[in-house]
Amino acid sequence: MNQEFGTSGRLRAEMARARIGHELAATSLSLTRRELRRAGTTAYYSALLTRRIIRISQEALPEGPGFEDQMSVLFRGSEAPRANVVKASAPVALLEQSADAARLKSQLAIQAMAWFWTRVPSSNSAPSRIPSLWWHCGSPAQL
């Protein structure tokens, strides 16, 4: 390690350390901004995807109970075994469960988006470059 003797040598060493610290801070800031952008983008697309899954599940769900009811009627008339009734009810339960899970994931994604968009923006932050979640997805009440 070099030891600086004299005032001018110490000042130059401190200045060099300060410059290196400044460069490290700038690099850390750019990495943090990139990570925040990725987190915001991930939450945005997650909200869009879960919204689509909810819509598909809700479209498919009304068809399930009708088939389950038909199998129950056939079972009561001794035309179908109990296993068929159970098999008919399993997809309905699975669709309901996946719709509930998608709703929860959507709420989490919307909360992440709310955090991302409501933080105090800097002069060149990412939210101004990413389209608003509410414009594409609607409000959380619509989910």
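Predicted model: local features only at pLDDT ≥ 70, side-chain atom pairs only at ≥ 80, totals over all residues.
**The chain as a whole**

The protein chain contains four helices and zero strands. Read from the N terminus, the order of elements is α-α-α-α. Of the 143 residues in the protein chain, 22% are buried. The protein chain exposes about 10500 Å² of surface, and 59% of that area comes from carbon and sulfur atoms. Contacts can also be sorted by how far apart the partners sit in sequence. Taking contacts between residues at least 6 apart in sequence, 67% join residues at least 24 apart.

**Helix α3**

Helix α3 covers residues 82-118, a run of 37 residues. The distance from its first C-alpha to its last is 54 Å, which is close to the 54 Å expected at 1.5 Å a residue. Which residues of α3 are buried? They are Val85, Ala88, Val92, Ala99, Ala102, Ser106, Ala109, Ile110, Met113 and Phe116. An α-helix has 3.6 residues a turn, so residues three or four places apart point the same way.

Lys87 also belongs to helix α3. Lys87 counts as exposed because its relative accessible area of 61% is over the 50% cut-off. Between Lys87 and Met71 the C-alpha to C-alpha distance is 9.3 Å, and the two residues are 16 apart in sequence.

**Thr50 in helix α1**

Helix α1 spans residues 7-60 and includes Thr50. Is Thr50 buried or exposed? Thr50 is buried, because its relative accessible area is 4% and the cut-off for buried is under 20%. Leaving aside residues up to four places away in sequence, Thr50 touches Ala102, Lys105 and Ser106.

**An aromatic pair**

The count of aromatic pairs comes to one. The pair is made by Tyr44 and Tyr45, with ring centres 5.0 Å apart and 70° between the planes, and it is edge-to-face.

**Accessible areas side by side**

The table collects the values for the residues discussed above.

| Residue | Relative accessible area | State |
|---|---|---|
| Thr50 | 4% | buried |
| Lys87 | 61% | exposed |

Key
Residues numbered from 1 in each chain as written. Heavy atoms only, no water. Helix = DSSP H or I, 4+ residues; strand = E, 2+ residues; numbered from the N terminus. Buried < 20%, exposed > 50% of the residue type's maximum accessible area, 1.4 Å probe, protein only. Contact = heavy atoms within 4.5 Å. Areas by Shrake-Rupley, 256 points an atom, 1.4 Å probe, with all protein chains shown as cover. Phe/Tyr/Trp six-rings, centres within 6.5 Å; stacked < 30°, edge-to-face > 60°. Expected span 1.5 Å × (residues − 1).
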